[in-house]
Amino acid sequence: RVVSCAREGYSVIMPDDNDALTSHAAKRQLGTYVCWNPDGAFPNLLVFSLENGAICTLDLSTSQSETLTGHTRTTNSVRFHPSEGNIIFSGSQDSTVRQWDLRCDPRCVWYI
């Protein structure tokens, strides 16, 4: 799998079942960071931080994405919790760190 996150947006290119390359979820948002989910329960989940402050999740197995909003400035960093794949942390130029729980609604469960 190849993941690209750049000023032009992000895209994911991966082989399908027949080893043909397919492209998934090209977005036209300015990407700042990308992270793979290390948890075995969510092996196909990516998370992207975007220049507009949003966080985008992408499930490679279904091509479904979700946009998480809350930051008011560029999101510079995003990480999964090392053992709980449903938890995401993000840091932004708005001077906040947010914790997102993909099982909850609303997704953002706290911020400092």
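In which strand is Trp110 found? Trp110 lies in strand 11, where strands (E, at least two residues) and helices (H or I, at least four) are DSSP runs numbered from the N terminus. The model is predicted, so local features need pLDDT of at least 70 and side-chain atom pairs count only at pLDDT 80 or more, whereas totals for chains, interfaces and linings use all residues. Residues are numbered from 1 along each chain as its sequence is written, and side-chain values use heavy atoms, with hydrogens and water left out.

Strand 10 (residues 97-101) is joined to strand 11 by three bridges, and Arg98 has Tyr111 in strand 11 as its bridge partner.

Trp110 is partly exposed, with a relative accessible area of 33% (buried means under 20%, exposed over 50% and partly exposed in between, with a 1.4 Å probe and protein chains only).

A separate pairing involves strand 6 (residues 55-59) and strand 7 (residues 64-68), which are antiparallel over five bridges. Cys56 stands opposite Thr67 in strand 7. Strands 6 and 7 form a hairpin with four residues between them, and Ser63 in the turn has a positive phi of about 65°.

Technical notes:
Two strands pair if DSSP finds at least two bridges between them.
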